[in-house]
Each structure stands twice: as C-alpha cells, then as structure tokens.
Amino acid sequence: NNNNNNNNGGIGSSVHIGAGSSSRNHKSAPMTLTEIIDFLHSFLNKLNSSNMKNKRSTYHGIWSAYHELTVKYLYPWDREYMRRMPNRREDGSLYLSVASFRDEFCSETLIQAFDKAKHPDKLFVGLVQQNCEEAKCRSGILEGGKMIDVPTDPDCYALFCSSSVGKKYCNSGNLRLLKMKDTSALGPYMARYLAAKMWMGEQYYMQIDSHMTFLEDWDAHSVDMLEKAPSDKPIISHYPRPHTADLEARSADPAPRLCGPRFATTDVESEIVRLDGTGNYDARRLDVPRFAPFVAAGYLVASSELLRDVPFDPFLPYIFMGEEIILSARVWTSGYDIFSPTFSVLGHHWAMLSKKYNKPKFWESLHRAFTFGIHDPLEMMVVNRVKYQLGYPESAPDMVKPKSVFTAVDQYSMGKVRPLEEYLKIVGVDVKTKVITYTAWCETGVPPPGFERYNHLYE
C-alpha cells in the first residue's frame with residue numbers, strides 16, 4: 001500500500017508547507033461567506049496574473065505556477081478553513097453546489113430548482129459561474145471543426161435574480177456566487193472544490209451540473225431516499241436521464257443505475273477508469289435505494305458531513321477525467337455507502353457533449369489562455385495524482401515527474417474506515433492489470449459482496 005507515508009516531510013506530508021501562514025491566527029469561529037469569497041477572488045486574481053505571465057509556458061510551467069500559488073496561498077487557507085468549518089445544522093436545509101461553464105441553460109436550471117423544490121426557503125445554492133464576459137467570445141467547436149465569434153455569455157446569476165421566481169431568493173441570500181473568467185477556469189473538479197467552500201452549514205449537500213431539469217419536490221424526494229437507504233452514511237448518485245425525459249410520467253419507473261466501469265483507451269485519458277455503463281436494470285421500482293459501485297459528479301446527494309470527511313483536493317486543477325473514480329474510492333473508504341436513486345428526480349442535457357451543439361468546453365478556454373493543445377499533456381500529468389492514490393503502479397512517485405504532483409496528497413486521499421483494495425475488488429477494477437471483472441451485483445440489483453445482510457430488502 002503506497003499510501004501510508006509517514007509524516008516526516010516525505011510525499012503527502014504537509015509539515016513544511018505554508019506552516020508559517022496557517023499558524024498566524026488561531027481564530028476558531030467559522031469563516032463568513034464574505035471572507036471566503038474575498039479570499040477565493042484574491043487567489044483567482046493572483047492566478048490570473050500568473051497565467052498572463054505564463055501564456056507561452058510549457059505544461060510543466062503552467063502546473064508549476066499553479067502549484068506554487070496553491071502551496072503559498074490556497075493550501076494553507078484550505079487547512080484553516082477545514083479547522084473552522086461551520087457546524088452542520090439539523091434544520092432540513094439543502095446546499096446545492098452548481099458549477100457552470102459558459103452555460104446558457106444555467107439560469108433555467110436555477111429557476112426550476114427553486115420553482116419545483118418542496119422547501120425552496122431551505123434551499124441554498126452555491127454557484128461558480130465561469131463565463132466569457134468580453135463583447136466578442138468564441139463558440140465551441142462546430143461541425144467541420146470551425147469556431148465562430150459569438151456574443152457575451154448569458155449571465156446566469158443576473159438572469160435568475162431578475163426572474164419572477166429568482167428575485168425573492170436572491171434578496172434573501174439563498175443564492176451565493178463566485179464569478180470567474182472562463183480563461184481562468186480550472187476544470188470541473190476545481191469548480192466543485194470552489195463551490196463547496198460556499199457551504200454554510202446546511203444539513204444536506206447536493207452536487208449537480210448547471211444544465212438540469214427537475215421533478216416536482218425533487219429536494220424532498222432526494223432526502224427521503226437518503227433516509228430510506230440501509231446505511232448510516234449513504235450517498236445517492238447516478239447519471240440522470242436525458243432532459244427530454246418526462247420526469248413526472250416516469251416517476252413510477254425505476255431509475256437507471258451506474259454500473260459498468262472501463263479503462264479508457266485513448267492516449268490522453270491515460271488508462272483512467274471511466275464510468276459509462278449506465279442502464280435501466282430493474283423491472284420495478286422499490287422503496288429502498290439499491291447499492292451502486294460509483295458516484296457520478298453531476299448528481300449526488302449526501303449528508304453535508306461528506307465535505308468534512310472527504311474534502312475536495314485543491315491540487316487537482318485542469319482535469320476532466322478521473323474526478324468520479326477518485327471520489328467514489330475516497331467516499332467508500334471513508335465509510336460511505338453508495339446507492340442509486342429509486343426513481344429519477346433530475347434530468348440532464350447530455351447534448352452538451354455532442355459535436356453538433358457548439359457548447360464551449362473548458363479546455364478550449366485554456367487553449368486561449370495559454371497555447372493550443374496544452375490541456376491534454378497537462379491533464380495527463382495532473383491525473384497521476386489520482387492514479388497514484390488508486391494504486392496504479394505506473395504512477396508511483398518514483399515513476400512520475402515532477403514530484404510536486406503529490407504535494408499534501410495524504411490530506412486529500414483515501415479514508416481510514418475501509419481499505420481501498422476491498423473497494424476495487426467489490427467493483428471489479430484491477431489497476432495493475434487494467435482488467436475489469438464483471439461483478440453482476442450492480443446489474444442484478446443485489447447488495448455487493450460483504451453486504452449480504454441487506455439481501456432481504458431487495459427480494
């Protein structure tokens with residue numbers, strides 16, 4: 001097990017990092033929202049200036065500039081934030097993390113979220129809005145590989161707050177905003193890191209994409225599923241149905257479940273585990289959520305203790321792949337059981353991913369901020385941090401340069417409740433041989449090996 005590094009300044013140790021800055025003040029009261037947003041803005045401004053200086057840098061140079069700023073400012077602040085996290089309230093409140101990247105569906109997503117919530121007054125949204133704010137922006141890649149000039153991105157926050165539904169909730173502070181330029185975007189994982197920091201003690205944590213549709217009472221249904229799951233630490237998660245699905249009409253149908261992993265085959269994905277085996281496996285809808293092997297980043301709900309138990313890692317910028325497998329392994333080893341929803345409460349615009357819809361992607365903005373083609377080698381380098389934690393032999397520290405990819409990795413790694421080896425075996429993933437074993441338990445809807453005591457719930 002290459003994760004048990006002792007804390008004497010070796011890999012993953014935080015002894016020598018930013019120690020001076022975190023011991024300056026010993027406040028213990030939780031940080032205010034203003035303090036948090038001000039700090040994050042100042043960090044992002046520093047990063048923006050650094051990026052402008054590094055416009056022609058190699059991918060090593062871009063990583064090293066990010067790493068240096070993070071070690072100096074973000075990481076020590078993150079440790080202090082963790083020390084001063086707010087207490088979790090038991091008042092039925094729900095925190096919804098929404099990371100939006102140049103997304104025209106974002107304001108409609110927020111309008112529906114509040115409009116269809118059973119308890120909209122208890123709903124608090126943390127929005128990370130990453131937009132092109134110039135008069136002239138660029139489209140995504142269109143058919144034939146071309147890009148065209150397009151107008152400024154729609155301002156999700158402003159549109160929601162001026163809508164008949166949204167005005168009231170913006171005035172009452174139910175929507176919190178962190179605004180970023182699209183050229184400073186750090187990828188979806190870091191956008192969710194930033195969104196999680198605007199959590200203010202709400203009882204439940206839910207994470208979604210910014211292009212979703214909602215079933216009536218989606219909030220209450222989600223919490224109800226958590227309560228019905230046979231676990232002290234449940235997470236409910238899956239890949240939602242497409243936005244075209246009539247969620248009301250389908251609410252009697254069992255939800256699709258995310259079962260099948262595969263090792264990615266393209267060079268840029270560097271054999272990371274991808275999750276794409278989602279299917280409608282169940283003949284009928286049960287009241288008790290069925291166990292699932294993985295979490296999906298675009299719809300998950302849990303007790304907000306998750307943010308304390310499995311904190312987001314500030315050293316994972318620029319990655320698109322690997323976010324879900326690392327989160328799945330970390331939550332499971334921290335004692336969380338993963339379940340699929342019993343029925344679908346959200347839909348998702350999968351068209352965001354199709355070629356003919358010219359939706360911009362974060363790596364296109366990255367290419368504009370730096371140079372064309374820089375994203376892939378940068379991601380391949382950073383994803384070694386994920387692969388090391390999962391035990392890929394080719395990402396062991398002596399195989400990877402630069403060593404800075406592993407800074408403070410133990411602060412943001414596997415939990416201590418259950419071993420990683422057990423998790424990988426249960427989900428049928430062998431990172432050494434790159435072989436996936438079909439496990440059948442997810443597809444057939446029975447609990448995983450070791451959880452047979454719950455079999456009777458699913459008969």
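Student: How many bridges join strand S2 to S5?
Tutor: Strand S2 spans residues 123-131 and runs parallel to S5. Strands are DSSP runs of E (at least two residues), helices runs of H or I (at least four), numbered from the N terminus. Two strands pair if DSSP finds at least two bridges between them. For S2 and S5, the number of bridges is seven.

Student: What kind of model is this?
Tutor: Residues are numbered from 1 along each chain as its sequence is written. Local features need pLDDT of at least 70, side-chain atom pairs count only at pLDDT 80 or more, and totals for chains, interfaces and linings use all residues; side-chain values use heavy atoms, leaving out hydrogens and water, and the model is predicted.

Student: Which are the edge strands of the sheet?
Tutor: The open sheet has mixed pairing and the order S5-S2-S1-S6-S12-S8-S13. An edge strand pairs on one side only. Here these are S5 and S13.

Student: What angle does the direction of helix H4 make with that of S2?
Tutor: H4 (residues 106-116) packs on the sheet, touching S1, S2, S5 and S6. Contact means heavy atoms within 4.5 Å. Axes are lines fitted to C-alpha atoms, for helices over the stretch in contact, and angles run from 0 to 180 degrees between N-to-C directions. The angle is about 180 degrees.

Student: Is Thr278 buried, partly exposed or exposed?
Tutor: Thr278 sits in strand S11. Buried means under 20% relative accessible area and exposed over 50%, with partly exposed in between (1.4 Å probe, protein chains only). At 38%, Thr278 is therefore partly exposed.
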